Amino acid sequence: MTPIEIGLISVVAIVFLIYSGVYIPIALGMVSFVSIWLMRDNFTLALNLLKIAVGDSAMEYSFATIPLFTFMGLIVSKAGLGRDIYEVMTMRFRKVKGGIGMATVGANAVFAAVTGSSIASASVFTKVSVPQMMAQDYNPRFAVGVVAGSSVLGMIIPPSAMLIIYSFVAEQSVGDMFLAGVIPGIMLAIAYVAAIWFMGRYTPGFVGGRVVQDTEWMSPREVASKTLPTLGLIVIVLGGIYTGWLTAVEAGAAGALVALVIAAIRKSMTLKTFWEALLETGHITAAILFLITAASIYSRMLGLAGLPNQLQDLLVGNDASFWRIMILYVLLMLFLGTLLDTASIILIVVPLFLPLAESLDMSLIWFGIITVVGAEIGLLTPPLGISCFVIKSTINDDRISLKDVFMGALPFAFVMLIILFILIEFPILSLALI
């Protein structure tokens, strides 16, 4: 078989196993192991490559960023900082058409900068924002669509688990990936707010809602008490990385410590919730390490088959232009986004296209941002838009169907696509802070 045939069969086999209920890293590892065994007719070689992949993944120093930032995000979520930011944002946008939607986007952007999880954002703001919008007569589809759309900011604005996973697969600096995600994340948040304003002005029926006139203004002291802890965390984590005072691992450790101190001062952390956060951190860390290990053996299998080089020769031989390659790449991610979660897309697609990106002198940091933004669109698209499923399961309201969540998220997926092409056209937007 040719390398292209081997690659296509492996991808189809992985997708088939995942849809058959096999755990994603097991599907990746199993297909890779069997492929190496069959290609080289050497069971020992396949076993040795698996051992090397496990050893390389587990011993990587920068992997420590995952448990540290995960723990920080869980502590922040349990400390109620997301609700505080949302209350302040709502007060500021209360007299604007679609103002609560704008407040949700703003609060999600800030919350993303200290949690790095789309799932956490979707869960928190479904409970906090959707009931308020429903109480003020907003269209249910708009209400859940805003939460679904803005929840993806958690995977773009650093610290982000997807940026960390990409950095391991592409062997790039975690700190550089974090800095590269700042401007695109802010751009996307601003684009969401602009889209809500546009919808409120030109499609008011889709937005719905009424302007609230009787909400009391918070005192400056109350605003400060609700915002300064979160802003302080952002300054410590991103400021430490940007100035070079802290590495990504050190920033994660400092952020986790400060989050614990904030939770203790606010008396929002009991020994039980602390233990739950530790256990959940362990579960998430183990799952991500398993994913990275599986991706490592998968990359070795593709290299052994010669697929990346053949794909590169195929595209270069056909004189494929930069935009043709990037459109092909985006279309592939959008298609896989309807089938797989973001991590799986990164683990399957990146090893295929990485050698091609390097041969065309593309920045692998910029390429990572394009990859994550493109894959994140899949969180909002059926049939496997994970953020949409989280929102539906969290809201537990029979008036809102899963179809409503997907239809509400559709305009925000379109906004993401526009921002994605802007980032492709202007790489400096991703690289300016590095």
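Tutor: A cavity is a set of points, on a 1 Å grid over the protein atoms alone, where a 1.4 Å probe fits but cannot get out; grid points are joined across faces, edges and corners, and a volume is the space filled by probe spheres set on the points. The model is predicted, so local features need pLDDT of at least 70 and side-chain atom pairs pLDDT 80 or more, while totals for chains, interfaces and linings use all residues. Residues are numbered from 1 along each chain as its sequence is written, and side-chain values use heavy atoms, with hydrogens and water left out.

By this rule there is one cavity of 30 Å³ or more. The largest cavity holds about 30 Å³ of space. Its lining (residues with an atom within 4 Å of a point) consists of Ile325, Met326, Tyr329, Phe353, Leu356, Ala357, Met362 and Phe367. By class, the cavity lining has eight nonpolar, no polar and no charged residues, where Ala, Val, Leu, Ile, Met, Phe, Trp, Tyr, Cys and Pro count as nonpolar, Asp, Glu, Lys and Arg as charged, and the others, Gly among them, as polar.

Phe367, one of the cavity-lining residues, is also among those with the most contacts inside the largest nonpolar core, which has 150 residues. Such a core is a set of buried (under 20% relative accessible area, 1.4 Å probe, protein chains only) Ala, Val, Leu, Ile, Met, Phe, Trp, Tyr and Cys residues joined through side-chain atoms within 4.5 Å. Helix 10 (residues 174-202) gives the most to this core, with 14 residues. Tyr166, also among the core residues with the most contacts, touches (heavy atoms within 4.5 Å) residues including Phe367, Val350, Leu354 and Leu364, not counting those up to four places away in sequence.

The largest pocket, an open set with protein on both sides within 12 Å along at least five of seven lines, contains about 820 Å³ of space. It is lined by 37 residues, with Ser117, Ile119, Met155, Ala161 and Ile284 nearest its centre. Helix 17 (342-359) supplies at least two residues of the pocket lining, as do helices 2, 4, 7, 9 and 14. Helix 4 gives the most, with eight residues. The pocket lining has 22 nonpolar, 11 polar and four charged residues.

Definitions and conventions
Helix = DSSP H or I, 4+ residues; strand = E, 2+ residues; numbered from the N terminus. Buried < 20%, exposed > 50% of the residue type's maximum accessible area, 1.4 Å probe, protein only.
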